[in-house]
Amino acid sequence: MDDNVLLKIDGIVKTYPGVQALKGITTSINKGEVRALVGENGAGKSTLIKCIMGVETPTEGKIEINCDGKWESPKNAIEAKSFGMQANYQNVNIAKNLSVAENYFLGCLPRTKLGTVDWNQMYESSQKIIDKFQLTVDPRATIESLPIALQAMINISKISINEKVRLVIFDEPTALLENEKVVTLFNYIKELKANGVSVIYISHRLEEIMEICDTVTIMKDGAYVETKNVTEVNKDYLISKMVGRDVADIYNIKHQEPGEELLRVEKLCGNSFVDVSFNLRKGEILGFFGLVGSGRSEVMRAIFGVDKVKGGSVYLRGKKVSFKSPKDAMLSGFGFLTEDRRTDGLALSQSVELNVNIYSYDMISKASIINLNKERSRAEDYREKIGIKTPSIKQCVNNLSGGNQQKVVISKLLCRNPEILIFDEPTVGVDVGAKDEIFKIIENLIAQGKSVIIISSYLPEAMGMADRLVVMAEGHVAGILDSEQLKKVNEEDVLRIASAVYAENNPIVEAV
Amino acid sequence: MASNTKNLAEQRRSANMKTLLMRTEISMVLIIGVLFFAAAFGTKNFLTAYNLTNILKQSAIIGVIAVAETYIIITGGIDISCGAIVGMSTLMVASCQSSGIGIFPSMIVAMVVAIICGVFNAVLVHEFNVTAFVATLGTQTILRGLIKVISNGGTVSGLHKSFTSFASGSTLFVPNLAIIWLGIAVICFLILRYVVFGRNLFVLGSGKEVAKLNGISIRKTTYMAYAFAGLLYGIAGIMLAARINSAVPTAGEGYETNAIAASVLGGASLAGGSGSIMGTVLGTLLIILIDNVGTQFGIDTFIMQVITGCVIVIAIIVDQLKKRSSR
């Protein structure tokens with residue numbers, strides 16, 4: 001019986017100064033089992049993973065892994081690796097300045113007989129992995145030069161280098177992936193399983209868990225709730241156990257009757273997109289969906305004045321505008337929540353207070369002297385209103401969970417009271433509870449007559465939230481679905497439009 | 001929910017306690033206090049008006065430079081041309097005065113030249129995207145060369161009497177130079193706290209992309225930071241000229257080490273995004289004090305240099321340990 005067990009997690013407690021992150025987790029995982037780990041952000045999933053991998057030392061309890069009958073406890077990450085444990089962490093942790101191939105072989109570079117690095121062999125073996133995962137990338141390319149989705153995929157495919165692997169942990173692997181790559185990932189997980197490798201799979205996307213996992217462990221507020229076979233549970237059950245309340249349909253928000261046209265984009269061309277046209281009306285939620293590389297974020301970056309516009313025009317309330325810098329866009333009533341809040345949304349090393357105000361210091365200062373009272377009260381107000389969970393507004397935002405960081409970003413935008421809000425992947429790395437809250441905020445915004453653009457690579461979200469949905473493929477608008485059409489189509493139809501190869505004379509796919 | 005609020009309140013209290021204990025400033029005040037009393041009771045010459053004034057005078061010039069250096073470090077940069085800019089400013093103010101130009105015009109010339117040097121750094125850093133270290137290294141070398149060319153390698157003297165006597169004078173027992181230093185420190189502290197430019201420095205130090213996407217002009221902030229630092233170096237150069245009553249070609253050499261050390265001791269991180277004026281002021285005092293106390297105890301000056309170096313290294317290690325434990 002015990003032989004079949006690969007990993008024993010025995011009463012793990014982890015205490016940080018002031019916080020008990022884990023309150024005694026006990027469970028075990030069998031060989032070849034794919035175990036899902038679910039819970040809201042802050043439930044302690046990432047901490048548990050770090051304890052398993054020896055990155056953090058548990059305050060109490062023991063982790064044991066079955067190394068061919070011998071039970072071992074990894075004391076650090078290097079030992080964990082030698083026991084055949086591999087983790088794919090949430091924030092892509094690869095060396096950005098090195099090439100794809102070097103990243104694959106980081107720490108175990110192949111050598112020639114002379115002891116120098118065997119580049120030929122490295123590139124060859126790397127190409128094999130690249131082919132296996134159906135990626136289109138040169139093994140010589142530096143990570144930095146690649147889009148973030150591809151970086152994430154390289155981070156995942158890197159695991160296949162370790163041949164003696166016994167346990168693989170995926171922490172939110174699909175957060176940045178497009179659908180077809182999710183299929184590739186799932187095939188890889190199936191292959192691992194067939195080889196008797198155990199997998200721990202963390203994801204906020206419960207559909208995925210239903211599809212790929214055998215069992216699911218639910219955690220809440222650092223405590224173990226239960227472990228079930230996925231066949232015994234459904235989505236609603238999981239959500240109610242994770243959140244401790246029922247979330248009926250988080251996309252079910254109150255929509256508004258769209259008013260007059262606010263923004264019109266005509267034949268906009270720029271970095272990796274061509275002839276993009278669409279309009280946005282007052283009180284409307286316009287969804288943007290496209291596979292990674294379809295240019296959806298780039299369009300927004302160009303409109304917002306981050307990237308250069310190469311052609312076409314943007315009209316705001318019928319007046320032509322062209323923003324030279326994000327500041328121009330900001331002053332004209334645009335708010336932009338960027339895709340990667342950690343690199344360009346937040347000043348990570350700074351306080352909640354500074355980050356809430358970062359976008360609008362000009363509004364609370366006279367002759368550029370800041371009114372400190374207003375600065376503090378705004379931060380406190382939004383902390384209350386939006387529900388940012390932080391011990392103090394002086395807390396460094398880096399210490400907040402993903403959902404709370406996102407709430408800080410939203411507060412920062414709302415401080416300016418913008419007319420048009422662009423949300424690029426607002427729910428990446430955000431738990432169900434916080435997602436719900438973010439959608440409620442959006443509901444509120446449109447009720448106030450604001451207009452919202454939501455970009456999402458998560459189709460249920462894009463379809464569920466949008467009044468109209470712009471589908472992009474390969475830098476073109478492949479179709480715009482209105483609310484009537486949205487009711488009729490299913491996810492596959494939209495995916496088909498999004499994967500369509502652009503044909504010159506068929507720019508818009510008519511009603512499916 | 002109630003327990004949740006209570007929990008948060010508790011966390012907040014412990015966080016406040018911790019930040020208080022961990023405050024770099026507080027530990028520095030303690031160290032300075034210990035050194036002070038050790039020297040006061042252990043040596044007979046330390047606690048004399050002459051020596052204490054001397055400490056303040058020495059601190060004043062390094063102090064002004066260190067405050068400017070802290071601004072640059074907060075943006076995520078580093079400026080090793082500060083000593084050379086100080087040297088250039090010293091030379092300018094001395095040359096002007098020795099050729100008969102009045103005190104105020106000569107000071108203006110020195111400050112303008114120093115600002116131009118700062119702007120030159122900003123051009124390299126921003127327009128050509130050169131790493132701050134390399135850019136300012138280049139500027140430093142150019143300026144050191146220029147100083148020798150202009151001064152012909154010689155000392156420039158003949159400064160106005162009233163100019164130099166201001167530097168050696170005191171107001172209410174506090175040396176005038178120290179008053180200038182503290183005045184500048186207060187202004188710089190207020191800018192960081194109350195002025196948008198000050199906030200922007202921290203944002204820039206947290207990441208250029210963040211600054212850009214939040215409507216902060218990277219160009220403007222970089223130029224302002226380096227130009228402002230240049231101005232302060234210029235003032236430090238004028239103070240130095242007044243204090244030593246001349247301009248020597250080596251004026252300001254090695255000041256960059258002390259300025260950077262004072263900033264780092266005071267809690268600035270070379271990764272950018274953090275730093276405090278209070279800390280830098282105390283850091284400056286500490287460095288000068290260590291040197292002075294060592295001399296009072298009769299420790300060899302060469303050994304003193306080793307000790308100062310060790311103190312800096314220890315401070316950096318302690319800072320890292322604190323960061324680790326607070327995570």
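This is a predicted model: local features need pLDDT of at least 70, side-chain atom pairs count only at pLDDT 80 or more; totals for chains, interfaces and linings use all residues.
# Reading a two-chain model

Reader: What does chain A contain in the way of helices and strands?

Author: The secondary structure of chain A comes to 18 helices and 22 strands. For overall shape, hold the radius of gyration up against a rule for globules. Chain A has a radius of gyration of 24 Å, close to the 24 Å that the globule rule gives for 512 residues, so chain A is as compact as a globular protein of that length. Its C-alpha trace spans about 75 × 55 × 50 Å along the principal axes.

Reader: And what share of chain A is buried?

Author: To call a residue buried, count its neighbours: 20 or more other C-beta atoms within 10 Å will do. By that count, 46% of the 512 residues in chain A are buried.

Reader: How is chain A divided into domains?

Author: The domain assignment gives domain 1 (2–243) and domain 2 (247–333 + 418–512). The centres of these two domains of chain A, taken over C-alpha atoms, are 33 Å apart. Where they touch, 13 residues of domain 1 of chain A meet 13 residues of domain 2 of chain A. On the domain 1 side, helix H8 (residues 235–243) of chain A gives the most, with three residues. That side divides into six nonpolar, four polar and three charged residues.

Reader: Now the two chains. How many residues does each bring to the contact?

Author: Chain B brings 24 residues and chain A brings 28. On the chain B side, helix H1 (2–22), H9 and H10 each supply at least two residues. The chain B side splits into 10 nonpolar, nine polar and five charged residues.

Reader: Let's zoom in on H9 of chain B. Why is it described as largely enclosed?

Author: Check its residues one by one. Nine of the 11 residues of helix H9 (residues 196–206) of chain B are buried, so the helix is largely enclosed by the rest of the structure. Among the buried ones are B:Arg199, B:Asn200, B:Leu201 and B:Phe202.

Reader: What do those buried residues pack against?

Author: Elements from both chains. From chain A there are helix H12 (352–357) and strand E18 (369–370). From chain B there are helix H3 (49–74), helix H8 (176–194), helix H10 (208–213) and helix H11 (218–244).

Reader: Which residue comes just after H9 of chain B, and what is its phi?

Author: That's B:Gly207, with a positive phi of about 155°.

Key:
Residues are numbered from 1 along each chain as its sequence is written. Chains are lettered from A and ligands numbered from 1 in the order in which they are written. A residue is buried if 20 or more other C-beta atoms lie within 10 Å of its own, exposed if 12 or fewer, and partly exposed in between; C-beta atoms are placed from the backbone. Helices (H or I, at least four residues) and strands (E, at least two) are DSSP runs, numbered from the N terminus. Two residues are in contact if their C-beta atoms, placed from the backbone, lie within 7 Å. Domain bounds come from an automatic or database domain assignment. Ala, Val, Leu, Ile, Met, Phe, Trp, Tyr, Cys and Pro count as nonpolar, Asp, Glu, Lys and Arg as charged, and the others, Gly among them, as polar. The radius of gyration is taken over C-alpha atoms; the globule rule is 2.2 Å times the number of residues to the power 0.38.
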